Every structure is written in structure tokens, then in C-alpha cells.
Amino acid sequence: MTPFIKYEGSYDLNSFTSFSIENPYVAPTLEIKSTVVNHNGDIGFKSHPGSGLTFKLNAHYSRTDNFPMYRRLPYDQINDDMAYRMGNAYEVIYASVEKMGILTRIAMRFSEYNKISIETAYYDFKRDGGGKVLNEPSLIINLNTNFKLGKKIFFQFEGQYLGDRDSIKNIVVPLPEYSAGNFGIAESLGSVFSISSSFTWKINEQWDLFYENKMILGESTSRWAYYQNQSQIHLGGIRYKFDINL
């Protein structure tokens, strides 16, 4: 068993690209501010109780200025019906946020290609001045497995669970009552559970036969409110590996 303490801070330069990777529905016009992580600390221990088995448990604390949060835009009648101001996009707002949590990780490595791991994280958020921290799940669970069957078959499985999140319900704001940043009704978004897997059969050094799928289980099929994704996606085919020598 190995105890550890980690403490650091950072100054993060945000960009439209970084925001759109996390949330592909952000509006094309954003107020970009840098995020200042004043405190970011972890304390816990790592353990190796058996051959290939590892266990990690730690507590987390961080305090951040200009913590970015995603909030849905309302229908805005004073912007000439711009597409991203019709309730189908997100803006980014900032606040000072305190974050505390407990994280665990259990991993079992059988061999180079055979391993399984599960990670859980539970967070509690507090926003300066009150109010909710928007679109941040309090519970996250990730499951990853990799297996090699025989000499030519590879199998990978991933699962992710995102817990309930606080969000802003979209409403239409009449023109005389419009004021920037003063709109919306709070709502709670249901949890999202998705699984994905891939199966590869190596025919030879150059040719692979593969099948991949992703499924979202439950009533809620999207990380972001009102943007429902396909509950099932399947892909199959054959790959050829090119060797290019320059």
C-alpha cells in the first residue's frame, strides 16, 4: 500500500475548440475567458494486493475561478432569428466553483492484451453566491475491458454511466421581458448509460475483419438536454493496413 498526496494549480487557456469538443452544441459566438485553478489536490493510497490487481482510492478537492458551465440559450427575438439564438445551442458562463469528491479505481491485468478496469467518481459542487453548477454529473462510472482470444481475435468493451445533472429548461422569452442572463427554469436531467464494443479478427498482417457498436440504454439518450442521439449504432467491415516507407 502506497499513500500519496498531490497538490497543484494551473492557468488554463480556453478556446472554442476545447469547448466544442466537450459540448458540440455550443454557439459559434462565445465569451472566452481563462480558467484559474487556485487549488487542486488529491490525497489517498494505491494498493497492489495481488499479481496484476491494483486498487486506488483518493479524496479530491479543487477551487476554480472562471469555471466554465454550459447553459442553453433561449429564443431571442431581438437577434433576427439567428440560428444559435433559437434555443438549440449552448452558451458558456463562468463562476467560482468548489469541487469535492471521492474517486476509486480497480484494475486487473491478466496479460499484455487481457485487462479490465472500473473507475467511479462522486463529486459535490458548490458555486459562490449560490445557484446550481450546470450540466456537471455528480456520479461518473467508467468500465473498460480488453481481451485477446487466441492469436487473431481482439475484443474491447467500454461502458459509461453519467448521473443526474442540473440544467436550464428552454423557454421563449418575450421581447419586452428579455434581459441577458435572466431566463430559464431549472430542471434535472436523467442519467445516461452507454456501452460500446468492438470485435476484430486479424485475417493476416494487412487485413482485419471488424464489427463495432454503440448503444445507449434507458429513456435518456443524450449527454445534453433535448439533443437525442441514436440509441443504437452498428458498423462492420474490413480494413487494410498500408505500409508506406518514405
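Asn 135 sits in the loop between strand 6 and strand 7. Helices (H or I, at least four residues) and strands (E, at least two) are DSSP runs, numbered from the N terminus. Asn 135 has a positive phi of about 60 degrees although it is not a glycine. Most residues other than glycine have a negative phi. With 1% relative accessibility, Asn 135 counts as buried; buried means under 20% relative accessible area, exposed over 50%, and partly exposed in between (1.4 Å probe, protein chains only).

Before going on, a word about the model. It is predicted, so local features need pLDDT of at least 70 and side-chain atom pairs count only at pLDDT 80 or more, while totals for chains, interfaces and linings use all residues. Residues are numbered from 1 along each chain as its sequence is written, and side-chain values use heavy atoms, with hydrogens and water left out.

Tyr 226 also has a positive phi without being a glycine, here about 70 degrees. You'll find Tyr 226 in the loop between strand 13 (207-217) and strand 14 (232-240). At 45% relative accessibility, Tyr 226 is partly exposed.

Now for the rings. There are 10 aromatic pairs in the structure. Rings of Phe, Tyr and Trp (its six-membered ring) pair if their centres lie within 6.5 Å; planes under 30 degrees apart count as stacked, over 60 as edge-to-face and the rest as tilted. Take Phe 19 and Tyr 70: their ring centres are 6.1 Å apart and their planes stand at 90 degrees, so this pair is edge-to-face. Phe 19 belongs to helix 1 (residues 16-22) and Tyr 70 to strand 3 (residues 53-72), so the pair ties together parts that are 51 residues apart in sequence. Both Phe 19 and Tyr 70 are buried.

Tyr 113 and Phe 154 make another pair, with centres 5.8 Å apart and planes at 75 degrees, so they are edge-to-face. This pair links distant parts of the chain, 41 residues apart: Tyr 113 is in the loop between strand 5 (90-109) and strand 6 (115-127), and Phe 154 is in strand 8 (residues 153-162). Tyr 113 is partly exposed at 38% relative accessible area, and Phe 154 is partly exposed at 23%.

One aromatic cluster is made up of Phe 19, Tyr 25, Tyr 70, Tyr 90, Trp 224 and Tyr 227.

Some rings have a charge over them (NZ of Lys or CZ of Arg within 6 Å of the ring centre and within 35 degrees of the ring normal). Here are two:

| Charged residue | Ring | Distance from the ring centre |
|---|---|---|
| Lys 46 | Phe 4 | 5.8 Å |
| Lys 99 | Tyr 123 | 4.1 Å |

Lys 99 turns up again in the largest pocket. That pocket is lined by 22 residues, and Glu 22, Phe 67, Pro 68, Lys 99 and Glu 136 lie nearest its centre. A pocket, on a 1 Å grid over the protein atoms alone, is an open set of points where a 1.4 Å probe fits, with protein on both sides within 12 Å along at least five of seven lines; lining residues have an atom within 4 Å of a point. Strand 3 gives the most to the lining of the largest pocket, with six residues.

Finally, what about Ile 168? Ile 168 lies in strand 9 (residues 165-169) and counts as buried, at 12% relative accessibility. The C-alpha atoms of Ile 168 and Ser 188 are separated by 8.3 Å, with the two residues 20 apart along the chain.
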